[in-house]
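Work through the exercises below with the model open. Each task is followed by a solution in steps.

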Amino acid sequence: MKPSIMIVEDDESLGETLRERLVKEGYKVFWSKTAADSKILFLEKKPNLVILDLRLPDENGFHVAEFIKKESKDTPFLFLTAQAGAQERLKGFELGAVEFIPKPFHLKELLIRLERVIQTSQKPFGKKWNSGGLEIHLDSFAVKSQKGELIPLSKRDCALLELLISEPGHVWSRNEILDQIVGEDAFPTQRTIDNAIVRLREALGESSIRNVRGVGYQWVAPLSPLN
């Protein structure tokens with residue numbers, strides 16, 4: 001599963017173009033048009049990567065970058081802006097930007113640079129998590145209990161777990177889960193999802209995944225990146 005990306009862009013046309021193309025490439029995309037909304041969205045969705053415009057209606061993108069660094073210093077961000085003078089680039093990199101891409105730009109170039117950021121990031125995108133003392137290791141398909149016991153997960157169950165924790169609090173319908181996971185390893189029926197949830201609860205605790213009756217499932221346990 002590709003990482004999630006938050007776009008902070010007030011230009012409707014450009015924002016929609018970016019959103020459509022990134023979704024087509026398989027990314028999960030969140031889009032905000034103001035600095036204020038982007039801060040709320042960042043805390044709610046916890047994206048793996050942020051694309052920032054500098055000129056926003058309420059604040060500039062530098063303020064959003066400072067907020068991101070304060071809340072999650074490991075989340076990479078890049079600037080995509082027409083304000084790409086030497087002073088702006090310098091300030092952007094001083095704040096920790098991994099890229100500074102001037103507008104106008106070519107979409108293919110942006111995609112290449114995004115892939116490079118993802119591949120070279122020192123921290124894996126949400127592959128290791130701590131949840132109430134349990135360690136979730138998506139990269140090795142296992143959960144480590146508080147006693148240090150390794151509980152293996154199947155590839156299918158691990159893909160479902162990764163989907164749930166990619167957006168804590170979001171209720172995923174069974175159809176959405178089928179749509180998202182089918183590329184990993186097909187779930188033949190919705191009942192198969194329910195069985196996978198049972199196995200994940202056995203590994204992670206009954207209270208980690210909530211069943212929203214008639215809708216689907218959501219991740220509700222505490223979650224923090226594991227260093």
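Two strands count as paired if DSSP finds at least two bridges between them. The model is predicted.

**Exercise 1. A sheet and its pairing**

Task: State the strand order of the open sheet formed by 3 strands, and find which strands stand at its edges.

Solution. 
- Step 1. Read the order: β10-β12-β11, with antiparallel pairing.
- Step 2. Check β11 against β12 (residues 216–219): 4 bridges join them. R210 has Q218 of β12 as its bridge partner. For N211, the partner in β12 is Y217.
- Step 3. Check β10 against β12: 2 bridges join this antiparallel pair. Here S173 stands opposite G216 of β12.
- Step 4. Apply the cut-off of at least two bridges. The β10–β12 pair has 2 bridges, and the β11–β12 pair has 4.
- Step 5. Look at the hairpin turn. There are 3 residues between β11 and β12, and G214 has a positive phi near 80°.

**Exercise 2. A helix crossing**

Task: Describe how helix α6 (residues 155–165) meets helix α8 (residues 190–204).

Solution. 
- Step 1. Two packed helices are described by the angle and the distance between their axes.
- Step 2. Take both values. The axes of α6 and α8 come within 10 Å and cross at roughly 80°.
- Step 3. Classify the angle. Values of 65 to 115 degrees count as roughly perpendicular, so α6 is roughly perpendicular to α8.
- Step 4. List the contact. α6 supplies R156, D157, L160, L161 and L164. α8 supplies T192, I193, A196, I197, R199, L200 and L204.
- Step 5. Sort the residues by class: 8 are nonpolar, 1 is polar and 3 are charged.
- Step 6. Relate α6 to the sheet of Exercise 1. α6 lies across β10, β11 and β12, and runs at about 70° to β12.

**Exercise 3. Aromatic rings**

Task: Count the aromatic pairs, then classify F62 with F79 and F93 with F100.

Solution. 
- Step 1. Count: there are 5 aromatic pairs.
- Step 2. Take F62 and F79. Their ring centres are 5.4 Å apart, with 70° between the planes. Planes over 60 degrees apart count as edge-to-face, and this pair is edge-to-face.
- Step 3. F62 is in helix α3 (residues 61–71) and F79 in strand β4 (residues 77–81). They are 17 residues apart, so the pair links distant parts of the chain.- Step 4. Judge burial. F62 has 8% relative accessibility and counts as buried. F79 is buried too, at 0%.
- Step 4. Take F93 and F100. Their centres lie 6.2 Å apart and their planes are at 55°, so this pair is tilted.
- Step 5. F93 is partly exposed at 43% relative accessibility, whereas F100 is buried at 6%.
- Step 6. Join the rings up. Ring pairs link F62, F77, F79, F93 and F100 into a cluster.

**Exercise 4. Backbone points to check**

Solution. 
- Step 1. P104 lies in the loop between β5 (99–102) and α5 (107–120).
- Step 2. Take K46. Its phi is near 50°, a positive value in a residue other than glycine. At 47% relative accessible area, K46 is partly exposed.
- Step 3. Take F141. Its phi is also positive, near 55°, and F141 is not a glycine. F141 counts as partly exposed at 36% relative accessibility.

**Exercise 5. The surroundings of I7**

Task: Is I7 buried or exposed, and which residues does I7 touch?

Solution. 
- Step 1. Locate I7: strand β1 (residues 4–8).
- Step 2. Apply the cut-off. Buried means under 20% relative accessible area. I7 has 0% relative accessibility and counts as buried.
- Step 3. List the contacts, leaving out residues up to four places away in sequence. I7 touches G15, L18, R19, L22, V29, F30, W31, S32 and I51.
- Step 4. Compare with S173 of Exercise 1. The C-alpha atoms of I7 and S173 are separated by 25 Å, and the two residues are 166 apart along the chain.

Conventions:
Residues are numbered from 1 along each chain as its sequence is written. This is a predicted model: local features need pLDDT of at least 70, side-chain atom pairs count only at pLDDT 80 or more; totals for chains, interfaces and linings use all residues. Side-chain values use heavy atoms; hydrogens and water are left out. Axes are lines fitted to C-alpha atoms, for helices over the stretch in contact, and angles run from 0 to 180 degrees between N-to-C directions. Angles under 35 degrees count as roughly parallel, over 145 as roughly antiparallel, 65 to 115 as roughly perpendicular and the rest as oblique. Contact means heavy atoms within 4.5 Å. Ala, Val, Leu, Ile, Met, Phe, Trp, Tyr, Cys and Pro count as nonpolar, Asp, Glu, Lys and Arg as charged, and the others, Gly among them, as polar. Rings of Phe, Tyr and Trp (its six-membered ring) pair if their centres lie within 6.5 Å; planes under 30 degrees apart count as stacked, over 60 as edge-to-face and the rest as tilted. Buried means under 20% relative accessible area, exposed over 50%, partly exposed in between (1.4 Å probe, protein chains only).
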